[in-house]
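Visitor: I would like to go through this model term by term. Please set each label against its cut-off.

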Amino acid sequence: MRKQDLGFDYHRYHRLLTEADDENKRQALIELLIEEKARDRLAAQRASDRAAMTAHTIAKVLMKTGRN
């Protein structure tokens, strides 16, 4: 399983799909899937940004201690 699939709740989405018995419910399910994927991507981007900032800060600290 890929990392990005770890949050995929197969049973929940399967239940929602079986309950989507009309056009409005199907549209709501599609919108939910899009919204949750966007939220997951934003969370991944934020985590990546935090990791980059941490690496940058560590590099700066190591450079300063190396000069003394």
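Guide: Leaving out neighbours within four places in sequence, Glu 36 is in contact with Arg 12 and Tyr 13. Contact means heavy atoms within 4.5 Å. This is a predicted model, where local features need pLDDT of at least 70, side-chain atom pairs need pLDDT 80 or more, and totals for chains, interfaces and linings use all residues. Residues are numbered from 1 along each chain as its sequence is written, and side-chain values use heavy atoms, without hydrogens and water.

Visitor: Why is Glu 36 called buried?

Guide: Its relative accessible area is 7%. Buried means under 20%, exposed over 50%, and partly exposed in between (1.4 Å probe, protein chains only). So Glu 36 counts as buried. Tyr 13, at 13%, is buried too.

Visitor: What makes Glu 36 and Arg 12 a salt bridge?

Guide: The closest N and O atoms are 2.9 Å apart. The rule asks for a side-chain nitrogen of Lys or Arg within 4 Å of a carboxyl oxygen of Asp or Glu. Glu 36 lies in helix H2 and Arg 12 in helix H1, so the pair ties together parts 24 residues apart in sequence. Helices (H or I, at least four residues) are DSSP runs, numbered from the N terminus.

Visitor: What makes Glu 23 exposed?

Guide: Glu 23 has 52% relative accessibility, so it counts as exposed. Its salt-bridge partner is Arg 26, at 3.6 Å, N to O. Arg 26, at 37%, is partly exposed.

Definitions and conventions:
Helices (H or I, at least four residues) and strands (E, at least two) are DSSP runs, numbered from the N terminus.
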